[in-house]
Amino acid sequence: MIGRFSIRGVALSVAAPLLAIVFALTVTSLVLLATGNAPLGAFSTMLAQLEKPRIQVNILNSATTYYLSAIAVAIGFRMKLFNIGVDGQYRLAAMLAAAVGGAIALPPVFHVATIILVAMFVGALWAGIAAVLKVTRGISEVISTIMLNFIATGIVAYLLAPGRLAVEITGSNNIGTKVIPESGRVPGLPIIPGTPNLVFGMIIMAIIVGVGYWFVINRTRFGFDLRATGASETAAVASGVNVKKMIIVTMLLSGAVAGLVGMPQLLGDSYTYGLDFPTGLGFTGIAIALLGRNNPIGIAFGALLWSFLDNTSNSLEFDNVPKQTVLIMQGVIVLSVVIAYELVRRYRIRMVASDVGRQLDAELVTTAAQGGSA
Amino acid sequence: MKIATMLAAGALALAACSSSTSGTTTTSPAPAGSASAKSDVKVGLAYDIGGRGDQSFNDAAARGLDQAKTELGVEVKELEATAGETDAQKEERLTTLAEAGYSPIIAVGFAYATSLGAVAPKFPKTTFAIVDDASLSEKNPNVTSLVFAENQGSYLVGAIAAQASKTGNIGFIGGVNVPLIQKFQAGFEAGAKSVNPNIKIQAKYLTEPPDFSGFGDPQKGQVAADGMYQAGADVVYHAAGGSGGGVFKAAVAANKLAIGVDSDQYLTAPADQKPVILTSMLKRVDVAVYDMVKSSVDKAPLTGVQTFDLAKDGVGFSTSNDAVTPYTAKADELKAQIISGAITVPDKM
């Protein structure tokens, strides 16, 4: 009976995301039809983009960034901590790390390591503020991290001025931190043939972070405490977990990973933090963490799917289909995944309850029979 | 970036309404019979975030493109940016256009500078242009920079504001605190001080980068302008794109004056706002885009850094509201001095 149940469980957990995607495709098709576009044509246009090596590189590169962001969010989610502040954490971290990277001269590996450590430190520090506020004053991290996003924006804007951390670029209306020299850059990987474009070397860092996340959450005492606290705080306290300490450590970890979010772009492509540095990645991370159900593999798929949609939306526009279609698709996918999993969760609880009930009944019958024969 | 412009309506009328009375105009009138002309030139336009319909900077470019389409018969393809995208995605957009044979390809906004710098060398036979950036043309012979002397136009409306102010107190509202908008502020303040050295100037930016919502949030514009009027200002100049609508609302409520930006906003404002829009600082992105396309159709594309300044009527002020008439003599005088070089307008704070 146990075996049958777990097969059903696996089937259910695969069915949920698939159903969600089918549902999202249906809704998007309806939207496309309503706006006078052919859904199949639009989808095949996007799929056809996958054959282009350049697009493949872009998909992997964006997914690397999205993945780190989603893991940062997921660390908090596992403990029911909503770190909405990944966005502010990564921007502040990337800006300060870029400034440090541009200002110092070190041998290659040390230079990169310093930049990354600065970024992780700044990200952790910024998230740590929200953690301290929560454990000392009981302020919801949802509110404080959103506020901290705005404060981060203000600080970055203040520091990103000529005479502070930014340098002017002649003839340009852009400003940025001093460009990081060769020694502080992470070389790209030529793993996609047919294009001179390179995949971010930081994709390896993303994989390491993913494996580390899985290991810490599933194979360590800390991870157990974290999951226990997320499942039931009172039960965790009763079993001796120091919840305050857990909140601080979890937020610091989440912030440190958030600090990495800007690194693939900074060390692999931009080499400077300017006005055109990508924004809003923290919020993309929230959506992908939801999509991937906080599971390192699920998040990888979620990040790739999201990145595929983002990087092929240009082709839609080229065929005169509004690229906002992709935004609708992304929104519907997240919503339907959340709903599908909730439905599956309830279904499972009912199944477990009825299984347990049946088992109890059977045991009662057996006991009664034994009692009768005694 | 996205400085305010208004609807496409009256694009042609605008050219005629430009305050200038002298000087060479860069908008060559369409040759007779060209309305039905067909050209084999394919124009690609890559917008910044917001794209066509942002009632702002992108729309100004779109207006120039529309004019080129109807008058020159060129084929056009318009693509727009997504919020939060990377340079790689911008590169992809420009590459797609270049591979499909579009030339010229016009990138709207300085945010394209890095990506265009990477793409242009790969397509040496394609003509590229970029609005609001002058950092690329030197190294890339196939990139034309379309830049504006926003500080000069702002200087003139600053002089008008100082003359019109009875309280000796005026305001500047910038959409987002970036170097480009600081250039507007620098010109405006210098112009106002040239008329009244003791004038009090309140300045405020609606948002800080990377939050670019200050270019599209009328509510923020209204609150900021309201505060300035209450603090004694009686003329407020905005360089805040779509947020400008809120500035005009606040001006109506306070019964004070406001100055528009990019397009002649008097022409497109609702009737109740018209009287308070004293003038507008014109930044003719549409002219730049049109000229670029026109020169490509004529097989002699513009090259290098093309500065659209007062001398070229690339910037200026509008005179469609009669209320501005008493102040234009002084402004025209200053304009002549700027063109002759007697006055140098600062371009940063």
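In this predicted model, the area buried between chain B and chain A is about 2900 Å², with carbon and sulfur atoms giving 50% of that area; buried area is the accessible area (1.4 Å probe) that two parts lose on being put together, summed over both. On the chain B side, Gln89(B), Glu92(B) and Pro210(B) lose the most area to chain A, together 20% of what that side buries.

Residues are numbered from 1 along each chain as its sequence is written, and chains are lettered from A in the order in which they are written. Local features need pLDDT of at least 70, side-chain atom pairs count only at pLDDT 80 or more, and totals for chains, interfaces and linings use all residues, while side-chain values use heavy atoms, without hydrogens and water.

The table lists counts between the two chains.

| Item | Value |
|---|---|
| Residues of chain B in contact with chain A | 37 residues |
| Residues of chain A in contact with chain B | 31 residues |
| Salt bridges | three salt bridges |
| Polar contacts (both at pLDDT 80 or more) | 12 residue pairs |

Contact means heavy atoms within 4.5 Å. A salt bridge places a side-chain nitrogen of Lys or Arg within 4 Å of a carboxyl oxygen of Asp or Glu. A polar contact is a pair of N or O atoms within 3.5 Å; within protein, one must be able to donate a hydrogen and the other to accept it, and residues adjacent in sequence count only if both atoms are side-chain atoms.

Arg54(A) forms a salt bridge with Glu99(B), and their closest N and O atoms are 2.8 Å apart.
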